[in-house]
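Have a look at the model first, then read on.

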Amino acid sequence: MSALIAEDEIVHEVELVWLEDISALDYVRQSLDRLPTRRGKPAYHRDGRMVGYALLGPKAKPSRSSGTFRRRVFWLLPHDRDTEPDGLYARGAPAEAVDVRTLAPGTKGHKTERSEGGPMSSAAARELQP
């Protein structure tokens with residue numbers, strides 16, 4: 001969950017890579033995954049789709065026990081607001097979700113009125129269109 005991600009766990013991030021246009025997304029889910037490398041596109045083993053991931057700099061150290069690196073992965077599930085605007089998350093957002101506009105390397109991001117389905121959300125904007 002994003003609330004469980006501490007800033008000190010992501011200090012070695014140097015770039016966020018987006019796999020699709022994020023401008024229309026109100027939120028993305030984020031998690032810290034154990035991955036074998038600092039860089040490169042990670043394998044994805046969840047339902048839904050991977051939207052992006054973080055790249056780590058050379059100072060990032062692997063876990064002593066597993067040899068893996070903790071990197072953020074950004075993703076969405078099939079029932080999230082971008083594909084089901086009137087569904088489960090028409091209002092509110094999943095616990096691990098953050099407004100994509102608040103994310104940056106080394107910054108965990110946070111929820112906003114938009115990510116919670118407020119007036120500036122993509123779903124609300126669609127309701128205003130004739």
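The points below go through the sheet and then the salt bridges.

1. Before anything else, keep in mind that this is a predicted model.

2. Start with the sheet. Five strands make up an open sheet in the order β1-β3-β4-β2-β5, and the pairing is antiparallel. At the edges you'll find β1 (13–18) and β5 (97–98); each has a single partner strand, so one side of each is left without a neighbour in the sheet.

3. Now look at β4, which covers residues 69–76. How many of its eight residues are buried? Seven of them are, so strand β4 counts as mostly covered, buried meaning under 20% relative accessible area.

4. β4 has a partner on β2 and another on β3. Strand β2 (residues 28–35) runs antiparallel to β4 and is joined to it by seven bridges; as one example, Gln30 has Phe74 as its bridge partner in β4. Strand β3 (residues 49–56) is also antiparallel to β4, with four bridges joining them, and here Arg49 stands opposite Leu76.

5. β2 pairs with β5 too, in the antiparallel sense, over two bridges. If you want a spot to check, Arg29 has Ala97 in β5 as its bridge partner.

6. On to charges. Side chains of opposite charge can pair when their charged atoms come close. Searching the whole structure turns up ten salt bridges. One of them joins Arg70 and Glu9, at 3.2 Å from N to O. That pair links distant parts of the chain, with Arg70 in strand β4 and Glu9 in the segment before β1, 61 residues apart. Arg70 counts as partly exposed at 35% relative accessibility, and Glu9 is also partly exposed, at 29%.

7. Is the pair Arg114 and Asp26 buried or exposed? Arg114 is buried, and so is Asp26. Their side chains meet in a salt bridge of 3.4 Å, N to O. Arg114 lies in the loop between β5 and α1 (122–128), while Asp26 is in the loop between β1 and β2, so this pair ties together parts that are 88 residues apart in sequence.

8. Asp99 and Arg101 also form a salt bridge, and their closest N and O atoms are 3.2 Å apart. Asp99 is buried, with a relative accessible area of 4%, whereas Arg101 is partly exposed at 39%.

9. Last, come back to Arg49, the residue that stands opposite Leu76 in β4. Arg49 also belongs to a network of salt bridges that links it with Glu20 and Asp82.

Technical notes
Residues numbered from 1 in each chain as written. Predicted model: local features only at pLDDT ≥ 70, side-chain atom pairs only at ≥ 80, totals over all residues. Heavy atoms only, no water. Buried < 20%, exposed > 50% of the residue type's maximum accessible area, 1.4 Å probe, protein only. Pairing = 2+ DSSP bridges. Salt bridge = Lys/Arg side-chain N within 4 Å of Asp/Glu carboxyl O.
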